[in-house]
Amino acid sequence: MRFVKGFDKKGVPIYDWPKYLGFVLSSIKPIMRGKLNLPRLWSRVGSLHGNSFSDIPEDGASYTNNQRAIPDIENPEAEHQGTSRQDEYYFDVIDAIASRDLDGLNKLLNMNGLERISDVKMDLLIEKYNRFIKDAEERVGKDINVKYGLFGIAAPWVKDGEILLTGGATQYTLPLSIQQLIELGVLKN
Amino acid sequence: MSALINIENRIRDQSGNINHPGIGIDAVHDTYMSYLRGEMSLDTAWSMVEIIKTVINTQALTGGEIKQLTQLAAEIVGDEELAQAYVDEEYLLTLKPMDKIDSERGVGDNEIAKHINKMPTTPKEYYASALEVGKRSDLTVEQKVRLLQAMYYALGEGNTERMCVARQM
């Protein structure tokens with residue numbers, strides 16, 4: 001078995017993902033305020049409920065699944081593209097969620113013309129955020145600051161010494177899903 | 001075909017009744033001739049195999065005759081392992097033909113897969129059916145993935161919006 005190691009009770013395939021959240025470990029850099037922001041243009045293959053994407057290279061051609069180390073049949077119809085805010089807004093949103101500051105988050109949303117969120121929705125964001133932080137620290141180590149997510153190079157997918165996917169694309173892995181970040185006004189699809 | 005004729009003759013002889021219906025050999029004659037002329041599709045070939053399976057299921061056959069018919073089925077579908085699995089009432093999904101689905105992506109190969117699971121016509125149908133495939137306990141992980149690939153390719157280009165399916169084993 002190369003990519004799929006089983007199916008869960010709902011019938012969903014379980015992939016045998018590489019270690020380190022799919023990054024080349026030495027390439028990982030923390031996304032940080034004032035140092036490394038989200039890319040202006042992003043591209044994701046698959047559901048918007050995932051939390052990883054690539055940037056779009058300057059020549060405008062998206063990375064292939066092979067470069068992204070995504071073990072799926074190449075399907076241009078599965079790609080989403082969009083833009084990211086290039087100011088400090090993303091960091092402000094994450095800070096509010098990380099500090100469980102619902103009022104602060106709603107002020108940010110209000111200032112940006114977006115609807116307030118409920119405390120129930122805030123709980124979901126906090127739960128998702130905390131789960132990511134725990135998982136990311138376990139996978140890449142606590143020496144890397146994972147608070148705002150990670151940037152790096154997609155690792156090759158190697159099985160039993162054989163390179164199945166080359167990797168090499170850029171990869172951004174964030175604490176919240178693409179869909180959540182769209183709803184919070186950080187990303188546009 | 002000669003195997004079928006011989007079997008029908010034996011059953012008729014043993015019955016002592018010249019008007020015994022035998023195993024309905026006339027019904028498959030035309031199909032078989034089409035097969036010999038290379039005129040029939042894989043789907044029709046499968047109908048032949050189903051007829052052979054029906055004959056075997058009469059339980060009127062000797063072990064040698066079942067073996068003969070299994071070989072005939074293998075000749076028709078071009079895959080001995082697949083024919084044996086079918087005759088044994090195992091599922092038709094075997095790695096060998098499913099490999100073809102992945103590597104060749106031919107319509108004919110999906111014709112094989114559709115005997116194991118209905119092929120979807122829309123992404124919505126695909127997702128509903130894919131979860132059922134994922135839950136099946138009679139298939140291996142590899143077989144499930146092959147089947148999902150066949151279902152995906154059955155949708156065709158322009159009909160796979162937002163769909164992600166594992167690329168290979």
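How many of the 10 residues of α2(A) are buried? Keep that in mind as you set up the view.

**Before you click**

This is a predicted model, in which local features need pLDDT of at least 70, side-chain atom pairs count only at pLDDT 80 or more, and totals for chains, interfaces and linings use all residues. Residues are numbered from 1 along each chain as its sequence is written, chains are lettered from A and ligands numbered from 1 in the order in which they are written, and side-chain values use heavy atoms, with hydrogens and water left out.

**Stop 1: chain A as a whole**

Color chain A by secondary structure and you will find 5 helices and 11 strands. Helices here are DSSP runs of H or I with at least four residues, strands are runs of E with at least two, and both are numbered from the N terminus. Of the 189 residues in chain A, 48% are buried; buried means under 20% relative accessible area, exposed over 50%, and partly exposed in between, with a 1.4 Å probe and protein chains only. Show the surface next: chain A exposes about 9,600 Å², and carbon and sulfur atoms supply 50% of it. Such areas come from the Shrake-Rupley method with a 1.4 Å probe, and for residues only the protein chains shown count as cover.

**Stop 2: helix α2(A)**

Select residues 89-98 of chain A, which form α2. Here is the reply to the opening question: 7 of the 10 residues are buried, so α2(A) is largely enclosed by the rest of the structure. Show the side chains of Y89(A), Y90(A), F91(A), V93(A), I94(A), A96(A) and I97(A), the buried residues of this helix. They pack against α3, α4 and α5 (178-183) of chain A. Just after α2(A), look at R100(A), which takes a positive phi of about 55 degrees.

**Stop 3: α2(A) against α3(A)**

Axes are lines fitted to C-alpha atoms, for helices over the stretch in contact, and angles run from 0 to 180 degrees between N-to-C directions. Y89(A), D92(A), V93(A), A96(A) and I97(A) meet G104(A), L105(A), L108(A) and L109(A) in α3(A); contact means heavy atoms within 4.5 Å.

**Stop 4: α2(A) against α4(A)**

Now bring in α4(A), residues 119-140. α2(A) and α4(A) pack at an angle of about 95 degrees, with their axes 9 Å apart. They are therefore roughly perpendicular to each other, a label for angles of 65 to 115 degrees. I94(A), A96(A), I97(A) and A98(A) in α2(A) meet M122(A), L125(A), I126(A) and Y129(A) in α4(A).

Follow α4(A) along to E138(A). Is E138(A) buried or exposed? At 56% relative accessibility, E138(A) counts as exposed.

**Stop 5: over to chain B**

Chain B has 9 helices and 0 strands, and 47% of its 169 residues count as buried. Finish at T160(B), in the segment after α9 (141-155) of chain B. With 4% relative accessibility, T160(B) counts as buried. Not counting residues up to four places away in sequence, T160(B) touches N75(A), E77(A), Y152(B) and L155(B).

Terms used: Angles under 35 degrees count as roughly parallel, over 145 as roughly antiparallel, 65 to 115 as roughly perpendicular and the rest as oblique.
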